[in-house]
Amino acid sequence: MTTTRFFVYGSLCDGMVHFSKIQNFVESSIFARAKATAYRLKVGFPAIVKGGSDLVPGQLMELKGSELLISLLDEFFGYNRNNPDQSLYSREEIDVHPEGASSPVKAWVYFLNPLKLPVSASVIPGGDWRKSMEEQPPLITRLTEKQSTYIQKLGRSTGREIVPIDLTLYRELMNLELIVDKGRRLALSKLGQEVFKHLA
C-alpha cells in the first residue's frame, strides 16, 4: 500500500475535533507550513485559500494511501473531482515546507474555493490559526451540552419529523443563529449545519 502526503490544518490536526477521521491512516506527521491565506470561518475553524504570502502552520502527514480514504476526505471537504469549479474545496498538490528541512516537498492540500468564501469569514493575520483559536475558541466548544445535543438531534432528523424544544433553548439557538424557524418545524441554519458537521 502506498502512502500519500497531505498537508492538514485546523480540525484535522492531531488533537483537533476531526483528527479521529484520519488517525488510523497516519504513518508519520511533522510540523510544516504552506503558503496560503488563512481565514477564520464563523464556526470558528480555519479555511485556507490559495495565494497570499503567509506561511500557514499545519502538519505534513503521510497517510496510508487508499482510494477510499481520499474519496472520504474529498467528501468531507465537499470536493467533486468531476466538477471542481463548483466544489466547496479544491484538492491540489503544492510545495509544503517541513520543519527543519532545507527544501520543500510535494503534498496534497484542500483549498477553500474563493467563490464559496462566506462574507462573514475574516483573514487571520499571518495565517496563525492556532493563535486565533486560542484567543477565541470555536463555537462548538462554547455550546452547552443541551445545545449541542439538540443540534445533533436536529441534524440527524429526516426533516419531516418535529424535534421538540423548550422556549429557553429555542431562544439560545436562535440568538446563536444556529436554527431557523420554518413555521411548523425547526431546521438548522447554514451555520447550524457547519456546527453539526463538527459535532458529528
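Leaving aside neighbours within four places in sequence, T4 is in contact (heavy atoms within 4.5 Å) with M61, E62, L63, G65, I70 and W108. T4 lies in strand β1, where strands are DSSP runs of E of at least two residues and helices are runs of H or I of at least four, both numbered from the N terminus. With a relative accessible area of 13%, T4 is buried; this term denotes under 20% relative accessible area, exposed denotes over 50%, and partly exposed covers the range in between, calculated with a 1.4 Å probe on protein chains only.

The structure is a predicted model, in which local features need pLDDT of at least 70 and side-chain atom pairs count only at pLDDT 80 or more, whereas totals for chains, interfaces and linings use all residues. Residues are numbered from 1 along each chain as its sequence is written, and side-chain values use heavy atoms, with hydrogens and water left out. The mean pLDDT (the predictor's confidence in each residue, from 0 to 100) is 91 for the protein, and 98% of its residues reach 70 or more. Confidence is lowest in helix α3 (residues 139-142), with a mean of 88, and highest in β2, with 96.

According to the unreviewed UniProt entry, residues 6-131 carry the annotation "domain: Gamma-glutamylcyclotransferase AIG2-like". UniProt positions are given in the numbering used here, feature names are shortened, and annotations may be inferred rather than shown by experiment. Over residues 6-131, the chain is 10% helix and 45% strand, and the end C-alpha atoms are 22 Å apart.

Strand β2 contains I30, which counts as partly exposed at 36% relative accessibility. Leaving aside neighbours within four places in sequence, the contacts of I30 are G58, Q59, L60, P98 and E99. The C-alpha atoms of I30 and Y110 are separated by 18 Å, the two residues being 80 residues apart along the chain.

A search of the whole structure finds nine salt bridges, a salt bridge being a side-chain nitrogen of Lys or Arg within 4 Å of a carboxyl oxygen of Asp or Glu. Side chains of opposite charge can pair when their charged atoms come close. One of the salt bridges joins R5 to E62, with the closest N and O atoms 3.3 Å apart. Because R5 lies in strand β1 (residues 3-8) and E62 in strand β3 (residues 46-64), this pair ties together parts that are 57 residues apart in sequence. Both partners are partly exposed, R5 with a relative accessible area of 34% and E62 with 24%.

Another salt bridge is formed by E177 and K42, whose closest N and O atoms are 2.7 Å apart. The pair links distant parts of the chain, 135 residues apart: E177 is in the loop between α5 (167-175) and β7 (179-181), and K42 is in the loop between β2 (26-40) and β3. E177 is partly exposed, with a relative accessible area of 45%, and K42 is also partly exposed, with a value of 45%. The backbone of E177 has a positive phi of about 60°, although E177 is not a glycine. Most residues other than glycine have a negative phi.

K146 and D166 likewise form a salt bridge, with the closest N and O atoms 2.7 Å apart. K146 lies in helix α4 (residues 145-156) and D166 in the loop between α4 and α5, so the pair ties together parts that are 20 residues apart in sequence. D166 is partly exposed, with a relative accessible area of 31%. Elsewhere, a network of salt bridges links E67, D74, R81 and R91.

Helix α4 also takes part in helix packing. The axes of α4 and α5 come within 11 Å and cross at roughly 80°, which makes α4 roughly perpendicular to α5. Axes are lines fitted to C-alpha atoms, for helices over the stretch in contact, and angles run from 0 to 180 degrees between N-to-C directions. Angles of 65 to 115 degrees count as roughly perpendicular, those under 35 as roughly parallel, those over 145 as roughly antiparallel, and the rest as oblique. The contact between α4 and α5 is made by K146, Q147, Y150 and I151 of α4 and by L169, E172 and L173 of α5.

Helix α4 packs against helix α6 (residues 190-199) at an angle of about 100°, with their axes 9 Å apart. This angle makes α4 roughly perpendicular to α6. Here S148, I151, Q152, G155 and R156 in α4 meet G192, V195, F196 and L199 in α6.
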